[in-house]
Amino acid sequence: MPHLRSWTSPPTRREITLLLFSLTVFVLSYNLEASLGIVGVHPQKLTSSYLSSIGLGTKDPGFDPDGRRPKEWRDELESIIAGDWEWREGEVSGVARGSSAASGSGRNAVIYNFGGSRKVARSAQKEDRGVSLSTGVTVKDQFVKWGKDVPETSVIAHTPGYTVLDNVIAVNGTLFVVANDWTKLPKLSDIASSSLDATKPPRVQDWHILTTQDAAQMFGPYAAKIHGTSWLALGKAESQDPYTLFSLFRTHASLSSTAAPASFTSSSGLHIIAPSPDSSSSHHPSSVPAPLRIIFPHVPTFSSPNIPPGPDEDPKSHPPPRDRAYTGIHPFIPKAVFSTLGVWYTEDWQDLADMHVPFLLDRVVIADRGAAERGRGHWAPASSARADELKRRVAGQEGEPAWAAPFVGLSAPEGWWAPVRAALLRYLHLADGVGAGSHGASESKGASLWGLSKKQTPRPVVAYVSMQDEPVGAGARLSNDDHERLVTGLRALEQQGVLGEVHVVRGNGSVPAAEWEARMSAIARATIVMGPYGFQLADSVYMRSPLEDDAAAHGFGKKPAEGAGQAKSAAPAPLLMEFFPPGTFVRDQQFAMHALGIDYMAWWNERCVFTGTSLPDVVSPSVTPGQDPRVPLDVDAVLRTVREEASKRAAA
């Protein structure tokens, strides 16, 4: 019987050997890379797929600069989630190498890839792109310590209802203007309206004026800063329409004007002339930072209520889809044109209010139609020719929409709308010079039978905006018989060679992405756009504007003529034909076309009631709930006019 050993007995030679062997294996395995390096194994081989497959790789490789795991560590799931694409330092994935934001084409151009030979970051040649870890605005920059020196608000541009202010403070949902000399500021009633009733001036809880001393006592020494330019569209959803964006951009474009400084009447009755911009600064649009956000403080994200699950329903089930609130802006427009623009709604604005912290807005472009309507008599400076025109206005020339205030009271370069249209053309894969019947530079010449090129004259393109398939309540429409006759007649003109193309597009509702792109492409290239009256024709602003040609020929920044829009151009201007019921006329589409130098015709059945300078009386349509107005139309008269206008534009 062997001798029993206690646990305090000294280890045997066998136990010591096992212990040393285990320690050696542990040390070598724990420091595998250093151990194999001693025997001449290259460190790069330690991260190879072979070592990973046999489980000897002990170091987590982390992530590549593009955010993905190294190729040796990728699996099928990561390929599904992240994709399989090539990426190089200084470039953006999915963008053809060598393309740029200035000359690129298609929707990729908005990503700004400046080529493979130069290492250019995503934010290259772009300023004020928001929060970044290394460039642009940092988190630290969003903290402001002003002590007792609260920054004063400065007025950059102003006409009733449309104002550009620097250094506006938002606290608990109230906007504060800080100034020691209140007599040099516009009246608050000319800037904004009550959030409860747009026909009345703002309440104290909506807008307020403070001195710097009072502001320091009320707000304290610290604030958060919202950098960049913010567009503030005051008003509820029912007051918004497609021209909200149009008028905001016009107000924004006044920052690049080289015209005489704007003036306004202060709260004390003084006539104030805003300081002129620095003559040494550039006034090209590229020198004016792009807007970073558009804020709708009184428009919720959804117009339909949130319906919680019932007592017998699964609380984890997906809720029913909700309808987005109407803002007048098609959801694809910010993505296609304003790639830097974020959209804030009531909930986002309420988040700032609930923090009970002062927020300093760097620059605010304000649009308030209630204030514009109340100050209609002060849109233009008192001594301007435009003001005299408003005073001399005869009967029938009333009814300029409230959003027209910045077009009357603020100056802007002739080609102020050109950057917006150019961005849309790039998104739609169209050449920058396309429009008014052209197909782009690539199709300006055709090939003959022998391979020799010959010049082709582009034939007019017609886009008919049909409302026949839209739901009830979407807007006015033709009768079914007139609609069919108009489409048939336009197709016949196309077959006869009078027209190059005919496009029948739907109203600007919730159309699928592919249909929206086709619709916008047809309108942007159209020589003639026609349809029943309403905001479905508002996208006509994306037709070619003759003012763009003049700005390109004479240099950007030239001041337009007073009250103008109409300009001479080598190519004839496009044409919008709007069909009204007899006795009805509104000026929204007409004024927008006039501002861009685009021709306009309004129709009452067989009568063309407006071409040029004669305006009918403005009579708002009477709408019966649950019904859409049926617009009578003399189709033969319209087709004869289309033939005449097409021949003029084809011969030019």
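Start with helix 17, residues 588-596, in this predicted model. Eight of its nine residues are buried, so helix 17 is largely enclosed by the rest of the structure. Which ones are buried? Asp588, Gln589, Gln590, Phe591, Ala592, Met593, Ala595 and Leu596.

Next, the nonpolar cores. The largest one holds 104 residues. Which members touch the most others? Phe246, Leu486, Leu490, Met530, Met577, Phe579 and Val642. Take Met530. Set aside its neighbours within four places in sequence, and the contacts of Met530 still include Val462, Ala463, Tyr464 and Val465. Met530 also reaches Leu486, Leu490, Leu537, Met577, Phe579, Val638 and Val642. A second core is separate and has 24 residues. Among them are Leu165, Leu175, Ala224 and Leu234. As background, nonpolar side chains in soluble globular proteins tend to be buried together.

Now a helix pair. Helix 13 covers residues 418-427, and helix 15 covers residues 513-525. How do their axes cross? At roughly 130°, and they come within 10 Å. The crossing is left-handed.

Who meets whom? From helix 13, we have Arg421, Leu424, Leu425 and Tyr427. They meet Trp516, Glu517, Met520 and Ala524 of helix 15. By class, that contact has six nonpolar residues, two charged and no polar.

Technical notes:
Residues numbered from 1 in each chain as written. Predicted model: local features only at pLDDT ≥ 70, side-chain atom pairs only at ≥ 80, totals over all residues. Heavy atoms only, no water. Axes fitted to C-alpha atoms, helices over the stretch in contact; angles between N-to-C directions. Helix = DSSP H or I, 4+ residues; strand = E, 2+ residues; numbered from the N terminus. Left-handed = near helix turned anticlockwise from the far one by under 90°. Contact = heavy atoms within 4.5 Å. Nonpolar A, V, L, I, M, F, W, Y, C, P; charged D, E, K, R; others polar. Core = buried A, V, L, I, M, F, W, Y, C linked by side-chain atoms within 4.5 Å. Buried < 20%, exposed > 50% of the residue type's maximum accessible area, 1.4 Å probe, protein only.
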